[in-house]
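Let's take a friendly walk through a protein model, starting with the whole chain and then visiting a few places along it. Keep the picture at hand as you read.

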Amino acid sequence: FLFFWAINMIVIWYGIETIRILLDIKAPLLILLGLALLAWAYRQAGGFGPMLSQPSQFAPGGPNEGRFWSVFFTSLTGMIGFWATLSLNIPDFTRYARTQRDQVLGQALGLPTTMALYSFIGVAVTSATVLIYGSAIWDPVVLLTKFKNPLVLTVSLFSLCLATLATNLAANVVSPANDFANLWPSRISFRTGGLITGLIGILIQPWKLVADPSGYIFTWLVGYSSLLGAIGGVLICDYYLLRGKRLDLEELYRAGGKYWYSSGFNPAAAAALVLGILPCVPGFLAIVGATQAPAFFRSLYNYAWFVSFGVSFGTYFLLMRLAPSSLPRGEG
């Protein structure tokens, strides 16, 4: 882990262009290797029929009988929370696109298609391992230990290291590095912001977080999805509903301008953020064992992103409408 951390910091030191080069290499390489892994599983398992014939754990007699919808929506909330981080920091990358059309096409073609492909590969290969090895192997590192060919192991491990490095930089470092730089532009550069992010990343000990898949999904992903849902509700309501997708770019960066609100903060947005998160707090505290909570709040927590998004969206809309002076003239 410390080795990857050190490599991450070195790449950050050389700047955003180095990250772009890594991503350009990673993307086609992983698609090819993912398809190669799927082809291997197809051949070893005897086709897609046997690969996908494993009985559902939610079927009668299965370990999760009758729990499909509760598990589904909780897992969906966790996955939305996972991707919500990327949706918020997509502008960190799309601002380098040559045109608006390029960035729209890049996201439309790149995100849904590749995510659907890799989801299928993950499900199909994991199912195939039950036939090949007698138990489900979902961890690619564990699966790699089953191979004996030195060339296959070398290429696979190199690709896995590259994927881990590039994905971590793009998803977990670039956005907070820019955030820290924006907090104090005269003192903190993108490079310094990245180093601060790396230091915090070590201090929170993420290896303990991912050691327990259940805690990672139901505590971490679902928990912070409530924060991101509330942020998303405010952003989407403000940009699409209240301002009709019209912003004055220069005013966004001018102190005392029409987006300055109260000393640079929008009280309506802050209130909507807090109120959006509050309904999810009792369920979160119950999940981590800090306190007891009624079943209603524990159930509500399973839909954390949707709940916080809806509450913050509605609250922000009402507060801004009650204070029309908050909307710059000609907007809304």
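Predicted model: local features only at pLDDT ≥ 70, side-chain atom pairs only at ≥ 80, totals over all residues.

## A word to start with

Two residues are in contact when they have heavy atoms within 4.5 Å of each other.

## The whole chain

The protein chain is built with 16 helices and zero strands. Its C-alpha atoms fill a box of roughly 65 × 50 × 40 Å along the principal axes. Of the 332 residues in the protein chain, 32% are buried. Among contacts with a separation of 6 or more, 70% come from residues 24 or more positions apart.

Now for the surface and the charges. The accessible surface of the protein chain is about 19900 Å², and carbon and sulfur atoms account for 69% of that. There are 20 positive and 13 negative side chains, and the centres of these two sets lie 3 Å apart.

Helix α1 covers residues 2-14. With 13 residues at 1.5 Å a residue, α1 should span 18 Å, and its end C-alpha atoms are 19 Å apart, which agrees. Which residues of α1 are buried? They are N8, M9, V11 and I12. These residues cover an arc of only 160° around the axis, so they sit on the same side of α1.

The buried residues of α1 pack against α2 (16-45), α8 (150-183) and α9 (190-203). After α1 comes G15, with a positive phi near 100°.

## Helix α9, a packing partner

The 14 residues of α9 reach 20 Å from the first C-alpha to the last, close to the 20 Å expected at 1.5 Å a residue. Its buried residues are F190, G193, G194, T197, G198 and I202. What do they pack against? The partners are α1, α2, α8 and α10 (206-211). α9 is followed by Q205, whose phi is positive, near 50°.

L273 belongs to helix α13, which holds residues 267-277. Is L273 buried or partly exposed? With a relative accessible area of 30%, L273 is partly exposed, because buried means under 20% and exposed means over 50%.

T129 lies in helix α6 (residues 100-133). At 0% relative accessibility, T129 counts as buried. Not counting residues up to four places away in sequence, T129 touches G134, S135, A136, I137 and L143.

## A loop with positive phi values

Finally, visit the loop between α12 (249-252) and α13, where Y261 is found. Phi of Y261 is near 55°, a positive value in a residue other than glycine. Y261 counts as partly exposed, at 28% relative accessibility.

S263 has its place in the loop between α12 and α13 too. What is the phi of S263? It is positive, near 55°, in a residue other than glycine. With a relative accessible area of 58%, S263 is exposed.

Key: Residues numbered from 1 in each chain as written. Heavy atoms only, no water. Helix = DSSP H or I, 4+ residues; strand = E, 2+ residues; numbered from the N terminus. Buried < 20%, exposed > 50% of the residue type's maximum accessible area, 1.4 Å probe, protein only. Areas by Shrake-Rupley, 256 points an atom, 1.4 Å probe, with all protein chains shown as cover. Lys, Arg positive; Asp, Glu negative; His and termini not counted. Charge placed at Lys NZ, Arg CZ, Asp CG, Glu CD. Expected span 1.5 Å × (residues − 1). Arc of directions from axis to C-beta.
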